[in-house]
Amino acid sequence: MHPPRLKGEVSPLSSPAETAAPIVDATRDAMVAAIRTTLGSAVVDTLVKPGDDIWVRVTTESWRASIQALKDTHSFDYFCFLSAIDWMPSPYGRGEDDPSEPAPVRDTVIRPGYTGGDTRMQMLVRLVNSVTHLGINIKADVPNGSFTIDSICTVFAGANWHEREAHEMFGIGFTGHPDLRNMYLPIDFEGYPMRKDFPLLARMVKPWPGIVDVEPLPGGTDDEKDGANEDGVKVEGAS
Amino acid sequence: MTILNDPVSAKLGNRQQLSYIASQAADARLNVELETEGMTLNIGPQHPATHGTLRIIARLDGEQVVWAEPSCGYMHRGYEKLTEVRTFPQVTSLINRIDWLGSFANEVPFILAAEKLMNVEAPPRAQWIRTILFELSRIANVSLFLGDLGVQMGAITPVFLAFRDREYVLNLIESATGGRFHPNFDRIGGLKDDLPAGWIDETKVVMKKLRNFCDEIETLLFGNEIFQSRTRGIGVIPRDVALQYGLSGANLRASGVDWDLRRDQTIPLAYDKVDFKVWTHPDGDSFARCWIRLQETREATKIVDQLLDGIPSGPVMAKVPKIIKVPEGEAWVSTENPLGEMGYYVVSRGDLGPFRVKIRSASFNNISITPWLLRGVYVPDIITILASLYFILGDIDR
């Protein structure tokens, strides 16, 4: 059942610069300009990656109104998903610390991603225009402390479950949501698992086996530069 | 008379309008008769009709559902959290367990998102093989759906046909990747390996078998009077509701939305090199959803055939560092998976592993419409509607 495999012939490949996306994206630029006009001062920041995607950050207060306006005015009528991002760096890293060693010092500075952010938690919604198939990522800050933002259930009925998920995983409150019951976790579960300060308990109970069973990473500092190994095909063994 | 002037019903076609009016009438009748106590029916979490551990709690009035709510979480594995403690190459072994029937297709959008952030593109041969394996996963996944569909309605034969013919596809996937269900074959920058010798001819033979299977299912099931009467006009989803709930894949196209991510987005896969038809159906009922999937399986076999004919030579792996560090940034990539749109929103901090991965799975959105959809239907229709929406539990809970 397993015939011998053919080895792919390896030839030098084009550099990423040659295949890079075009610098100008007229459609997305025009869309962002139109959105700025419609939403006015509600827009905090925008970002267009040419040939890729649009990011728009709106103010917390205008969250629901902005999404309603984007749906009504710009026909972003397809609700793709809603979620949140916790921008705080995890105090536990990847959970691979040796418990017998002193805890390493980690970065605690909250650095937001595209279009910036002033708070730890950020909402992220993706909408798509079902005719032009142009997508848009909308972000909004969730105030520290209260972690509460307006629900968009009334705009997109499909946001209902996504908000329930964000509520139980990130502890974000949604004003106006009809029913914020847990979807996955037991009713009496304490804590919000997707927050970065919630430890991954599996790694806490039993230390990562990689700590005791250390294998040197393939290749030293030299190999990291030139990439493919001798047969030029398998280069994935890094983990 | 108010029902006839209803704005939603005005937009629907003739057949749909009738069923919509019928459901509105049923609603009105329910409201009058609601004084009776009613009964709560629990379906699952262990039930053959629920494809895994989905539990449905339905409140009934006689034979009609007044309120229904699926209860998820029996298979929540926390993949979004787990990806944060994995390196980028390790993540694929987790995520191909999301939709376990079409697992190779789960790996592709994540790898594409990582490649987008790294500004790496897989060589053409790798892109073509990816596309072929992607479509094979679709065939393996959807052929089981087509067989299972019969079981939901009491017809046993189709499922045996489906298991028989899916086996050919799984054997192909196994001989190319080494894994029947969890290939873990996609790599950042290309693929783990090239295709084995003789694979292309073997695949062409299997694609013919699968087309025969589609014909068999069509005559056995889709022409069956019982099947038609149990699916036609049942579980109608209008276009605007489908969009609002973020339905995707065949469920969206069955509501008349002509949108297929294989055709309608620029993505480094070989779909722009092949000629295929995107099927849509105006009815939006259970029958339409099943019919679209049948046609899509046929199209998928044709896509595979075309790709096999034109597969370019060359390497299957681009030049990427051994230790993969993905540059800082955010990327969204979604593909048209067997169950619908599957996407990954990947946030990287220039580290070995992702900072945050949002997994947008198709079934979560597809099943979130059920509280709306099941209201007013009869108990046996719950099963057919859920079957036609087609979900994989791992794809809901993640």
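## Helix α4 of chain B and its cover

In this predicted model, the elements that cover the buried residues of helix α4 of chain B include α3 (79–83), α5 (103–118) and β4 (186–187) of chain B. Helix α4 itself spans residues 88–95 and is mostly covered, with 6 of its 8 residues buried. The buried positions of α4(B) are B:F88, B:P89, B:V91, B:T92, B:L94 and B:I95.

## The largest nonpolar core

The largest nonpolar core holds 164 residues. Those that touch the most other members are A:A84, A:L127, B:A113, B:A114, B:L136 and B:V346. Helix α6 of chain B, residues 124–152, supplies the largest share of this core, namely 14 residues.

B:V346 may be examined individually. When its neighbours within four places in sequence are left aside, B:V346 is in contact with B:A113, B:A114, B:L117, B:A331, B:P354 and B:V357. Two of these partners, B:A113 and B:A114, are themselves listed among the core residues that touch the most other members.

## A three-stranded sheet in chain B

Chain B contains an open sheet of 3 strands in the order β1-β2-β3, with antiparallel pairing. Strands β1 (39–43) and β3 (64–71) stand at the edges; each has a single partner strand, so one side of each is left without a neighbour in the sheet. From one strand to the next, the twist averages 20°.

The pairing of β1(B) with β2, residues 55–61 of chain B, is antiparallel and extends over 5 bridges. Within β2(B), B:I57 is the bridge partner of B:N42.

## Chain B as a whole

Chain B comprises 16 helices and 8 strands. Its radius of gyration is 22 Å, close to the 21 Å that the globule rule gives for 398 residues, and chain B is therefore as compact as a globular protein of that length. Taken along the principal axes, the box filled by the C-alpha atoms of chain B is roughly 70 × 45 × 40 Å.

Of the 398 residues in chain B, 56% are buried. Among contacts in chain B with a separation of 6 or more, 71% are between residues 24 or more positions apart.

## Confidence of the prediction

For chain B the mean pLDDT is 85, and 91% of the residues reach 70 or more. For the complex, the predictor gives an ipTM of 0.81 and a pTM of 0.81.

Key. Residues numbered from 1 in each chain as written. Chains lettered and ligands numbered in written order. Predicted model: local features only at pLDDT ≥ 70, side-chain atom pairs only at ≥ 80, totals over all residues. Pairing = 2+ DSSP bridges. Helix = DSSP H or I, 4+ residues; strand = E, 2+ residues; numbered from the N terminus. Axes fitted to C-alpha atoms, helices over the stretch in contact; angles between N-to-C directions. Core = buried A, V, L, I, M, F, W, Y, C linked by C-beta atoms within 7 Å. Buried ≥ 20, exposed ≤ 12 C-beta atoms within 10 Å, placed from the backbone. Contact = placed C-beta atoms within 7 Å. Rg over C-alpha atoms; globule rule 2.2 N^0.38 Å. pLDDT = per-residue confidence, 0-100.
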